[in-house]
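Colleague: I am still learning how to look at a structure of this kind, and I would like to go through it one feature at a time. Could you show me how to read each one?

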2 protein chains.
Amino acid sequence: MKKASLSDIALRLGVSKTLVSFVLNGKAKEYRISDDICQRVMDVAKELNYTPNRIAQGLRTGHTKTIGLIIADIANPFFGKLGREIEQEAARYGYNIIFCSSDENPEKSAQQIAMLQQSQVDGFIISPPINSEDQIRTLAKGQIPFVLIDRFFPEIDCNHIVVDNFDAAYTATKHLLSLGRRRIANITLNLDLANMKDRTDGYKQALRDASIEVDENLVKVLPFSHENKDVALAINELLGKKDDLKADAILFSTSKIGIMAIECISSLGLKIPDDIAVVSFDNTDAYKICVSPVTVIGQPLKEIGKTAMQILLNEIKHPGVKVKTQKVTLKTEFIVRKSCGS
Amino acid sequence: MKKASLSDIALRLGVSKTLVSFVLNGKAKEYRISDDICQRVMDVAKELNYTPNRIAQGLRTGHTKTIGLIIADIANPFFGKLGREIEQEAARYGYNIIFCSSDENPEKSAQQIAMLQQSQVDGFIISPPINSEDQIRTLAKGQIPFVLIDRFFPEIDCNHIVVDNFDAAYTATKHLLSLGRRRIANITLNLDLANMKDRTDGYKQALRDASIEVDENLVKVLPFSHENKDVALAINELLGKKDDLKADAILFSTSKIGIMAIECISSLGLKIPDDIAVVSFDNTDAYKICVSPVTVIGQPLKEIGKTAMQILLNEIKHPGVKVKTQKVTLKTEFIVRKSCGS
DNA sequence: TATTTTCGCTAAATCGATTTAGTAAAAAAT
DNA sequence: ATTTTTTACTAAATCGATTTAGCGAAAATA
């Protein structure tokens, strides 16, 4: 027994499928279908267990009620939680999410965008990898609404939602300074990503404002696809020196870096915060139960996800209406725990 | 400028869209399209930047190259990592993943299954919540292939991939016993879930095999939607007693429980493993940098995801061919760290 | 030369919905 | 009694692909 279609119901009742469509879409009144027929259609629909074929609807109407989500890695709790918020908000309006992990790889994201376009998604939410400017520019010229999250390209005018990374890093660094740390390091990712650059800029500015010269040896920039050994190397370079050259604090620009780094620090037998203070971006679970719970910069994931969907749904609902692009910058939350001492 | 369709190419060249379809699907030889026309079709396709409309293809062919994934919560790193593996394997074959978080809520999962069916997914991968037996049974009667992961219902004959939970818990408990622990507790979730039940059963069996009577006061069963306070209560009941009634070790049946519990234990000023030894299911990042890195039962996420997709794709490729249902049980990996002492 | 085969291609049905334009019959208005 | 309006519905186009059946011309065979 295969799925019932509109025609099946129409055939069964000897009416047109137009009528059936009207009834099942709640347009019975509008098209003055008689109450009697109306009821019978609904009865048969229930009896045959009819559900609309969204693919057919999509072909005809041009919208699929599907959103494409491209992030770096759904296995990364930061993106996982963000994905969850987006899913939740989308579900409220009957939208599904197709997710793609780009691994920060622009070729992958290009291919994923293409595939999602072929799947006729109604919109995109993208956390664009480095060197994907062209893809985003092309997207901006097209008809499909999209919103960038987590990062953006300052030179491209399009919707995006980010946090105030500069301010967050500035605050975190000032916090370390206030606790007497002077040789504060920063481990970050490829600085071509706007959000990463802002974090390091904020860190540097805080140092400068405290009249401390920025020591470029204390800024470690990892490749996108960083692994344990990359982090280990950076940690060794920061901590394996003579006392007065050694770092006494580190700001991690992502939690993925931070977790690897803390693992590494522990295995060196060093204690946080006594030997080294740490602060990290992203309030991930791991930091709560850490050797010394980590002071973090928490991002408003719920708000990011919700706002992104809202902007997207609004554009989807009003196609062609070119409203001003939405550029939202949200505040982070600085959560002090024990990893910086006191 | 909107997207080019087959007809656009056909019109431009003054040929039929049948021909264009043949050429672009690599059937030119088979239908003996002349090389000349063939080339011109491809040129125009490129010029117009043609990409097929998967929705239209889906309507006509009946398959959408889309898989529905229903798990408890994509923000939970366990499911996030699993999702990632599934996505990766799916992508290799040109399949997209629509994900849905059920929150272990059967009403939600029922609705999600319905929605995904309407979206004409080619198959499902589901981690079924408690009380969703009927949904799965209905699914089993239908035509759409599916695979259960993480848990299954013993009484329903369908594809599933799980790990040997009994054995894993047994091993973990024996490990604790071998280190001299005697009052070993277990914090778990609603035991109606087959995987949770197996874990607790394995734990109990290990105790019995060591001639230790199972003390039901040491088994704490949390509600599905457990929060910090539920875990805190359980921990208090286990550790807030006189010395000889107190637990000296705990097996956490999920990492979500474990993380909350360890946070709670720390806040009580207790030390792991001195005051209390812990072992947990799931090798989540948090456990690596924990106060005392946690000994865990790691699940073969890559293999689970890969196998699930393989089984699914095989059934999708051979519809109607009712092969034997695949019931796979994979081994876990016991990773000893420092949380049990020595 | 007549017939068959091959070649190169096309018409049209189909998937399952939505939607525009319209129609026949009944009721209301003139 | 005629016209107009309303009522209750339907036919057919459409979205963009796939696929079956078949057609006319050229080439091969008889």
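This is a predicted model: local features need pLDDT of at least 70, side-chain atom pairs count only at pLDDT 80 or more; totals for chains, interfaces and linings use all residues.

Colleague: Which strands does helix α8 of chain B lie across, and at what angle does it run to β9(B)?

Modeller: Helix α8 (residues 165-178) of chain B lies across β6 (184-189), β8 (249-252), β9 (277-281), β10 and β12 of chain B, and it runs at about 165° to β9(B).

Colleague: How should I read the sheet in chain B, and what is the order of its strands?

Modeller: In chain B the order is β7-β6-β8-β9-β10-β12, an open sheet of 6 strands with mixed pairing. Its edge strands are β7 (219-222) and β12 (333-335) of chain B, each of which pairs on one side only. On average, and with direction ignored, neighbouring strands of this sheet are turned by 15° against each other.

Colleague: In which sense do β10 and β12 of chain B pair, parallel or antiparallel?

Modeller: Strand β10 (residues 295-298) of chain B pairs with β12(B) in the antiparallel sense, over 3 bridges. To follow the pairing at the level of residues, find Val296(B), whose bridge partner in β12(B) is Ile335(B).

Colleague: What strand order would I find in the open sheet of chain A?

Modeller: In chain A, an open sheet of 6 strands with mixed pairing has the order β7-β6-β8-β9-β10-β12. Here the edge strands are β7 (219-222) and β12 (333-335) of chain A, each pairing on one side only. Within this sheet, strand β9 (residues 277-281) and strand β10 (residues 295-298) of chain A pair in the parallel sense over 3 bridges, and Phe281(A) stands opposite Ile297(A) in β10(A). Helix α10 (residues 228-239) of chain A packs on the sheet, where it touches β6 (184-189), β7 and β8 (249-252) of chain A, with its direction at about 170° to that of β7(A). Helix α11 (residues 255-267) of chain A also packs on the sheet, touching β6, β7, β8 and β9 of chain A, and its direction makes about 145° with that of β8(A).

Colleague: How do I read the two faces of a strand, and which residues of β11 in chain A lie on the covered face?

Modeller: In a regular strand the side chains alternate between the two faces of the sheet. In strand β11 (residues 327-330) of chain A, Val328(A) and Leu330(A) form the covered face, whereas Lys327(A) and Thr329(A) form the uncovered one. This strand runs parallel to β5 (residues 160-163) of chain A, to which 4 bridges join it, and Lys327(A) in β11(A) has His160(A) opposite.

Colleague: How many residues surround DNA strand C, and which are the closest?

Modeller: DNA strand C is surrounded by 30 residues, the closest being Ser5(A), Leu6(A), Ser21(A), Arg60(A) and Ser34(B). Of the atoms of DNA strand C that come within 4 Å of the protein, 55% belong to sugar and phosphate. For individual contacts, ask which part of the DNA is approached: an N or O atom in the side chain of Asn25(A) is 3.0 Å from a phosphate oxygen, while one in the side chain of Thr18(B) is 2.9 Å from a base nitrogen.

Technical notes. Residues are numbered from 1 along each chain as its sequence is written. Chains are lettered from A and ligands numbered from 1 in the order in which they are written. Side-chain values use heavy atoms; hydrogens and water are left out. Buried means under 20% relative accessible area, exposed over 50%, partly exposed in between (1.4 Å probe, protein chains only). Two strands pair if DSSP finds at least two bridges between them. A residue is near a molecule or strand if one of its heavy atoms lies within 4 Å of it. A polar contact is a pair of N or O atoms within 3.5 Å; within protein, one must be able to donate a hydrogen and the other to accept it, and residues adjacent in sequence count only if both atoms are side-chain atoms. Axes are lines fitted to C-alpha atoms, for helices over the stretch in contact, and angles run from 0 to 180 degrees between N-to-C directions. Contact means heavy atoms within 4.5 Å.
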